[in-house]
Amino acid sequence: MKTNQNPTIGTFLKQIKREVILDNNTTYKLLGVKWYGKGAFVREEKTGGDIKAKKLYRVKTGDFIYNRLFAWKSSFAIIEKEFDGCLVSNEFPVFTYDQTEININYLLDYILLPSNIDYVNRMSKGVSGISRNRFKERIFLDMKIPGISTQKQNRISSQTHKSRCAIAELEDEVTRQQSLLKKIRQSILHDAISGKLTEQWRRDNSHAEPASELLKRIKAEKDRLVKAKKIKRQKPLPPITEDEIPFELPKGWVWAHIEDFNLLYVDCPHSTPKYTQNGYLCVLSQNITDNGLNFDSAKFVDQKEYEKRVSRLVPQQGDIIYIREGGRLGISSIIDCKEPLCLGQRVMLFRSYSTIGARFLNYFLKSQVIWSHINKSLAGAASPRINIKNIVSYLIPVPPFDEQREIIKKLDYSFEYLSRIEIQISNAQQNSEMLMQVVIKEAFNA
């Protein structure tokens, strides 16, 4: 490193733009940068014709890069060999450097110090919320860096590298455990919707009313609502054929279409809501989680917009809201609050015949059985979606009503136990991130 005792990052890094004019028929690998200093990754592959921009920028092995929009999330990285030649947008500034003047891994570790990321956060500017603030290149290059010898840089870098490798092994184990938990959940769900989870219950309750009687009552209630002009009569779906049935059901169970299992369903209005500072809650896909509705980032509409958006059906407690479009497609949640709310975009609503029916359907919507249907009927390349007519035609295994209650009880118990384990795994992941920060800090203070 040069002898300057108080150099800037710009003393060592030089921004470079390797411009690539996109060809409509060529497929390109588009790069992103993970948060918390966890490196670059290929976020998607697209043809030039599917990319809105006319030009992007090529990266090469060893380049230094960061995400201007998420620099405050420690989104800095060094380009590894596997990403050589990938493209980035102008939101990802790229820099080269002289290896004899700076150890780039040392520089990365220095930038990731909590005090420096706090500075990045303060200096990220924009006209909207923090997620759209940008950390400009000029400010980045003006940051000061300790003027220490390359020998000391190498020692610090070697020390942090060993710790990174050990922590990476811990994080790999965390990822493995998270993946295992997902498989366990799906295995339990499949046992539940195929009847294996309640085999003993059926032996003890051999005279339970069959599910066919439940479906008759649901149909009768729908006929009553049609007669009362509260809903419109739906065109009957074709009978279920043997070829459509994915697996055999226990005695007393029946296969049905999701439409026949519910009283009502409605799609969201196909218009962007007009938001206000307060008023009625508007449920967007971001508010829907597997564990219930979350309004930490709530959006509101006024009474006029609310009345327009509930004109076909007013959502109520116990209804299911389902994401049918976008990157979070397939997530569902039961409305568990009494406050009046309306549907935003990309979602739809189911109303079941009872609380038990809603909870059974909500579990079923998380199973791999439903995904086997979804993957066959997905539409849209940029934003995947399922048409509502497809969703209601999917098959659902229907147990007797009392057996549904038993299934829910067993699933609630199992999933609550798995959630406690998941929290422990998540804590381990957070601890590994904090540990890396401590390691880097200690290396620089040594």
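1. The model is predicted: local features need pLDDT of at least 70, side-chain atom pairs count only at pLDDT 80 or more, and totals for chains, interfaces and linings use all residues. Residues are numbered from 1 along each chain as its sequence is written, and side-chain values use heavy atoms, without hydrogens and water.

2. Helix H1 spans residues 104-111. Helices are DSSP runs (H or I, at least four residues), as are strands (E, at least two), numbered from the N terminus. Seven of the eight residues of H1 are buried, so the rest of the structure largely encloses this helix. Buried means under 20% relative accessible area, exposed over 50%, partly exposed in between (1.4 Å probe, protein chains only). Among the buried residues are Tyr-106 and Asp-109.

3. Helix H10 covers residues 368-377, with Val-369, Ile-370, His-373, Ile-374 and Ser-377 buried. They span an arc of only 140° around the axis, which puts them on the same side of H10. The arc is that of the directions from the helix axis to the C-beta atoms. Asn-375 and Lys-376 are exposed on the other side.

4. Phe-64, Tyr-66, Phe-76, Phe-95, Phe-135 and Phe-140 form one aromatic cluster. Rings of Phe, Tyr and Trp (its six-membered ring) pair if their centres lie within 6.5 Å; planes under 30 degrees apart count as stacked, over 60 as edge-to-face and the rest as tilted. The count comes to 19 aromatic pairs. Tyr-66 and Phe-140 have ring centres 5.0 Å apart and planes at 55°, so this pair is tilted.

5. The charged end of Arg-185 sits over the ring of Phe-415, 5.7 Å from its centre. For Lys-17, the charged end sits over the ring of Tyr-57, 6.0 Å from its centre. The rule: NZ of Lys or CZ of Arg within 6 Å of the ring centre and within 35 degrees of the ring normal.
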